[in-house]
Amino acid sequence: MGQETDGPVASSDRLTRRELLRKAGAGAVAIGVAGTAVPYSFAGPLRYKGRDLKGDLTIIQWVHFVPAYDEWFDKTWCPQWGQKNDVQVNVEHINNTLLDTRAAAEVAAQSGHDLFFNLHPMASYEDQVINHASIVHEIESKVGKYGELGRLSTYNPKTKKYFAVSDNYVPDPVVWRHDLWNDIGESPATWDHVRKAAPKLKAKGHPIGIGQSQEVDSNMALMAFLMCFGGFIQDEHNRPTLYSKHTVEAVQFMTDIYKRGEDSTIFGWNPASNNNYLYAGTASLILNAISATRTPESLNLPFSDELWIWPIPAGPHGRIGLEHVMGCYNIWKFSKNKENAEKFLADLCINYKAATTASQLYNFPSFPGAFPFAGIRKAAAADSHKPHGKYSILTTIAQRYTHNIGYPGTTNAAMDEVFSKYLIPQMFARVSQGKATANESVRDTMSVVKNIYAKWRKRGKI
Amino acid sequence: MRFAQAAGGRTRFRYALERRGVLAALLISPAVLFIGVLVGVPLVLAVYLSFTDATAGSLTGKWLGFDNFSNALHDQVFREALWHTFLFTVISQAIVIVVAGLLAHALVRSFRGRWLIRFVILLPWAAPIALTAIGFLWFYDPQASIFTWILEHVHLASKDNPPNWLGTPRAAMSSIITVQAWRTVPFATVIFLAGVSSIPQEVDDAAAMDGATGLRKFWHVSLPLQLPIALVAVLFGIVFTATDMVVPYILTNGGPFNSTQVLTTWAFQTGINAGNIGEGAAIALFMLPLLAVVVVGMLFFARRAEVT
Amino acid sequence: MSAALRHKLFPYAIAVPFAVVLGFPFLWMAITSLKPEYQVYDPTKVWHFHPTLASYGFLLHHTDYLRWVRNSCLVGLAVVVITLVVAMPAGYALARLAGRVGRTLGVAIFLTYLVPPTLLFLPLSRVVAQYLHLSDRLWSLIVVYPSFTIPFAIWLLMGFFKTIPQELEDAALIDGCSRIGALVRIVFPISLPGILTVVIFTFSLVVNEFVYAITFISSSSNRTVPVGVPTDLIRGDLYNWPGIMAAILIPSIPLALVYNAFLNRFIAGFTGGAFR
């Protein structure tokens, strides 16, 4: 029984035997494992004969885009942490689109995983989770302050509660085809440049690829685009401010870009579509995390060396971007192993340098002290893909041009609902498809937004 | 009863089991128990939730009375979702009825290759719908859609302006209707086939003797006899389609800008993604009375039309 | 064209075009599953490419796919058994014994389908976790699925039992059989076609179910096919198309073959034997 985990089938067979032993020992007929650790996945530590680890910890998180990260997390980090702390760590991975469903189900069932991960801060679940302040302070005492981005995303100033801890965020650059843009003598330095270049690029069969669909990439891109023009969904006091002349101007600008430089497929996209648009060689520019460059590298696509990474183009109001996704862990009030969960989370964030490296620089630490930007830049510069050093700009993007959803306010439940209902992409799409004028669309969206904010204000969350 | 007399010393229990009512109750009770606990209890809870402002998975909340329902009725997206649900259900099932009806008639007689054709027709039903819906994402892919390729090669579409399967309201609606019809046809065909085959040979012969053939025979003889079975197949098709969210959810997620949002997907987005459980429950429950009316109405009509 | 020829061609004229439309996606699935992943978007390689079994290999060796198939089959069979055990007596009771009440209950059966699982799964997850203590176990699905397979099975069996001549049972009763005895010894054995019908429809309902599977099961080794495949073959924004296509084909073809083989029995089931 002292063998190394061999792979999913081998280890789950062995664990099933362990289960049987447990059952026989307990003499129970009904297996009362209300959602806590029944280790079926292959995240088992090296087991010595007869020894069982004392504590338990169950974690659920997404299937990371970079498989190497999950390898590191499941097979190195968790087992080592488990050994050191005498805790049996059990990690489950599910598709990120299913995390919301699972969260609702676990809360409804009042039983589930001790540590719950999602790619966006689950502000509306504030009442179901503990106050994570102690974890934040623990981490800050070791590696320095919580980054502004992380803090504004996981803290509710009204209830003074940290409803999650963000371990990482992913910067959101533009990924563009240097060869195609060079041919027309342009570069995406500002949105004006993009608008000018768009018709020329489209004429050559390489339109721009910024989606206006009901999916997360469109959400992120368009919300950031709005901010570059000075259009903000809420102000720093979390009051809705969507309807402004800046927003209307931004919507008209994007409609212009669409009409002249994009094709109509952008309205029916899912999160993979803009990537595929790029991988097929069609798109000249998309807004996406570096998965859009890593995949061409791994698939050896002919133009992968021509894919450049730049910060979001600047608008009249400046260069303001959002994170592409933000990893947040929370601990349910009904978790059975809160202490283990708190310690795990703290240790993970404190040692985040290893995580960032394992994710091939996809995950940036929300507690920057864990892996200072200078260090990340050096690691990025060492990346061998052409053009050399292209990933080092990620640190600039992360430091200067990445903000939280709801900037300049905090990420809150109302903002979350605006996000989940894809109100911003719809606002743009209606105008681009000619179903409404920019003014009408923004005004209508504003009234929906106002209702949402009023509702959550009534619930005392803003 | 003649039984009890014949058997003499039966216990009262055994005697009771001979009574139709008792036996019936006994035989039905496991089913009632199952359905009662696993459908009834959650349903009651869901109804309760729809009257509260429960959020984020919580199963309790503040009582709101009918607020969730009236807010829904005033919400334009909800009204559109109601209309889309109607369109989605009626059009897809109309297609299914016609296609399944034709196929059933074609497949009832034996012919060379029938086995192979039946196998192919059954495939959409055998494949798990969650996966085939993802598969259709690939078939409708903006870059690499095979349907686009076909249309371009028979010159029904141009390379510069390929069909935008999931990107415009009308096209997206047609796409999800098509996929829903595609997956339901085998199920309906099998049931219709049973109906067609159940026409006793004597009736067929009698009709032939009376000179009724082809369309006339279909209208006056086949159709009335198949109606009970056909109607129930249609009913299940309607109910399954109206309460199913897989196809619109995976293909369009309600887009573009809510033009393919149906009640189930809207309830899901509101209740789960946005965390408004109470509102989501209210939206999902709206369907119940509407569908109940449809179901009861059709069954009543079926009973009248039954030919036994 | 002579009437006889028209008669002969009629099935082909109808069935073949529809079979093409229904089956073409599967052909394209098969082709895609044989392409190397980096070539799926290559417009020059739509039909001409080097076929490879890499995606099948990936599915079978680098994911828990076989385990998911096993789980789906286990759950399917268990649910079929439970459904039959519960629905057969109930269907018989409604067909024979309950009279008018039976007909009303028959209508009530449909009504249980009017509530979407997208709503029920939340309260049900509480039931499964707190009262049944079956979180993350296949048993949770085995216990919950019959709630939507039993009503349909009852309807099917009701219709089927109605076609069995009453005389058969009456003869048994006259011979001294109890009602239950008649049920078990006479009715059930000749119901084989009806039973097969229920088996196929129930199994197909189980295999297609997705919402409860994602809600109650979280560990990879306990997943069923519809849940496991999107998780392991869709990484963030990267869809492994060849892998996904292979994952669809592997269970569908055997299932369709089985359904096809039983199709004649279904028809017999509905008509009580009076079929051509």
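Axes are lines fitted to C-alpha atoms, for helices over the stretch in contact, and angles between N-to-C directions run from 0 to 180 degrees. Helices (H or I, at least four residues) and strands (E, at least two) are DSSP runs numbered from the N terminus. The model is predicted, so that local features need pLDDT of at least 70 and side-chain atom pairs count only at pLDDT 80 or more, while totals for chains, interfaces and linings use all residues. Residues are numbered from 1 along each chain as its sequence is written, and chains are lettered from A and ligands numbered from 1 in the order in which they are written.

In chain A, helix H16 (residues 413-420) packs against helix H18 (residues 438-458) at an angle of about 145°, with the axes 9 Å apart. The crossing of H16(A) and H18(A) is right-handed; a crossing is left-handed if the near helix is turned anticlockwise from the far one by less than a right angle, and right-handed if clockwise. Residues are in contact if their C-beta atoms, placed from the backbone, lie within 7 Å. From H16(A), Ala413(A), Ala414(A), Glu417(A) and Val418(A) meet Val449(A), Ile452(A), Tyr453(A) and Trp456(A) of H18(A). This contact has 7 nonpolar, no polar and 1 charged residues, where Ala, Val, Leu, Ile, Met, Phe, Trp, Tyr, Cys and Pro count as nonpolar, Asp, Glu, Lys and Arg as charged, and the others, Gly among them, as polar.

The crossing of H4(A) and H12(A) is right-handed. Ser134(A), Ile135(A), Glu138(A), Ile139(A), Lys142(A) and Val143(A) in H4(A) meet Glu342(A), Leu345(A), Ala346(A), Cys349(A) and Ile350(A) in H12(A). By class, the contact of H4(A) with H12(A) comprises 7 nonpolar, 1 polar and 3 charged residues.

Chain A is divided into domain 1 (32-166 + 326-376) and domain 2 (174-310 + 412-458), with bounds from an automatic or database domain assignment. The C-alpha centres of domain 1 and domain 2 of chain A lie 31 Å apart. Each domain of chain A gives 7 residues to the contact, and the side of domain 1 has 3 nonpolar, 3 polar and 1 charged residues.

Between chains, 41 residues of chain A are in contact with 32 residues of chain C. H3(A) gives the most to the side of chain A, with 6 residues. That side of chain A has 24 nonpolar, 15 polar and 2 charged residues. Where chains C and B meet, 81 residues of chain C are in contact with 82 residues of chain B. Helix H13 (residues 241-271) of chain C supplies the largest share of the chain C side, 16 residues. The chain C side divides into 66 nonpolar, 12 polar and 3 charged residues.

The largest nonpolar core has 331 residues, and Ala87(C) and Ile154(C) have the most contacts inside it. Such a core is a set of buried Ala, Val, Leu, Ile, Met, Phe, Trp, Tyr and Cys residues joined through C-beta atoms within 7 Å. Not counting residues up to four places away in sequence, Ile154(C) touches Ala31(B), Ala87(C), Ala90(C), Gly91(C), Leu94(C) and Ile109(C).

Gly181(C) is found in helix H9 (residues 179-187) of chain C. Gly181(C) counts as partly exposed because it has 13 C-beta neighbours inside 10 Å; a residue is buried with 20 or more other C-beta atoms within 10 Å of its own, exposed with 12 or fewer, and partly exposed in between.

Notes:
Contact = placed C-beta atoms within 7 Å.
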